[in-house]
Amino acid sequence: MKNIDITEISRNPVELIGKQWMLITAGTAENFNCMTASWGGIGFLWNRPVAFVFVRPNRHTVNFIEAQPAFTLSFMPEQYRQDLIFCGRHSGRDVDKMAHTSLRPATTPAGLPTFADAELVLECRRMFRTTLQEADFLDWSEVSPAWYAQDNPLHYLYICEISAAYTA
């Protein structure tokens with residue numbers, strides 16, 4: 001992995017997150033979990049580069065995010081699309097995702113879990129977490145039926161400082 005300045009990322013964040021997707025990976029090198037996500041963003045807040053991601057509180061990965069001060073966002077080449085689909089549809093509570101995918105675990109220089117073939121890796125230090133609230137939506141009637149059925153709790157929103165960025 002080559003360390004780069006966050007300002008050197010030339011890819012459009014909407015394309016990266018919304019179309020290419022990302023793996024949110026948290027834990028330690030020895031014990032981690034990843035999940036596929038396509039909601040979030042990259043920007044500038046509190047005078048620092050940040051990433052923000054949305055994770056449902058019932059996802060297994062939340063336990064790993066909450067247990068450590070930092071996690072990674074890994075953007076994989078298109079050849080890993082089926083692996084990302086698998087990681088989005090299966091819980092680490094029930095299946096060993098590494099045994100069922102071609103993902104190759106690796107660590108960043110800071111020791112955070114990621115994947116050897118990632119095109120881009122962002123190290124993210126948790127700064128803020130809140131739970132989305134129905135009362136805060138200005139268009140709840142449009143959002144609710146599509147994303148929040150009775151068995152789907154509202155997401156946590158994590159805002160994280162991007163402490164390092166790496167490319168392949």
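Select F128 to begin: this residue is partly exposed, with a relative accessible area of 36%. (Buried means under 20% relative accessible area, exposed over 50%, and partly exposed in between, with a 1.4 Å probe and protein chains only.) F128 belongs to strand β9, residues 120–131. (Strands are DSSP runs of E with at least two residues, helices are runs of H or I with at least four, and both are numbered from the N terminus.) The model is predicted: local features need pLDDT of at least 70 and side-chain atom pairs count only at pLDDT 80 or more, while totals for chains, interfaces and linings use all residues. Residues are numbered from 1 along each chain as its sequence is written, and side-chain values use heavy atoms, with hydrogens and water left out.

Together with F128, they make a nonpolar surface patch of about 270 Å². (Patches are made of residues with over 30% relative accessible area and no salt bridge; like charges are joined within 9 Å, and nonpolar side chains, namely Val, Leu, Ile, Met, Phe, Trp and Tyr, within 5 Å. Accessible areas come from the Shrake-Rupley method with a 1.4 Å probe, and for residues only the protein chains shown count as cover.)

**Strand β6**

Next, select residues 70–75, which form strand β6. Is this strand enclosed or open? All 6 of the 6 residues of β6 are buried, so the strand is largely enclosed by the rest of the structure. In a regular strand the side chains alternate between the two faces of the sheet. In β6, A70, T72 and S74 are buried on one side, and F71, L73 and F75 are buried on the other.

Now display the partners of β6. Strands β6 and β9 pair in the antiparallel sense over 6 bridges. (Two strands pair if DSSP finds at least two bridges between them.) A70 stands opposite R125 in β9. Strand β2 also pairs with β6 in the antiparallel sense, over 4 bridges, and the bridge partner of A26 in β6 is F71.

Move to β2, residues 22–27. Here 6 of the 6 residues are buried, so β2 is largely enclosed by the rest of the structure. M22, I24 and A26 point one way, whereas L23, T25 and G27 point the other way. A hairpin joins β2 to β3 through 4 residues, and the two strands run antiparallel, joined by 6 bridges. The bridge partner of L23 in β3 is T36.

**Helix α3 and two cysteines**

Select helix α3, residues 81–89, where R81, D83, L84, F86 and C87 are buried. What covers these buried residues?

C87 is buried, with a relative accessible area of 0%, and C34 is buried at 1% relative accessibility. A disulfide is a covalent bond between the sulfur atoms of two cysteines. The sulfur of C34 is 3.8 Å from the closest cysteine sulfur, in C87, too far for a bond. The structure holds 0 disulfides. (A disulfide is counted for a pair of cysteine sulfur atoms within 2.5 Å.)

**Salt bridges**

Finally, turn to the charged side chains. The structure holds 7 salt bridges. (A salt bridge is a side-chain nitrogen of Lys or Arg within 4 Å of a carboxyl oxygen of Asp or Glu.)

Select E119 and R11: their salt bridge has its closest N and O atoms 3.9 Å apart.

Then select E66 and R129, whose side chains meet in a salt bridge at 3.0 Å, N to O. E66 lies in helix α2 (residues 60–67) and R129 in strand β9, so the pair ties together parts that are 63 residues apart in sequence. E66 is partly exposed at 32%, and R129 is partly exposed at 40%.

A further pair is R104 and D117, with a distance of 2.6 Å, N to O. R104 lies in the loop between α3 and β7 (105–107) and D117 in the loop between β8 and β9, so the pair ties together parts that are 13 residues apart in sequence.

To close the tour, select R48, R125 and E161, which are linked in a network of salt bridges.

Technical notes: Contact = heavy atoms within 4.5 Å.
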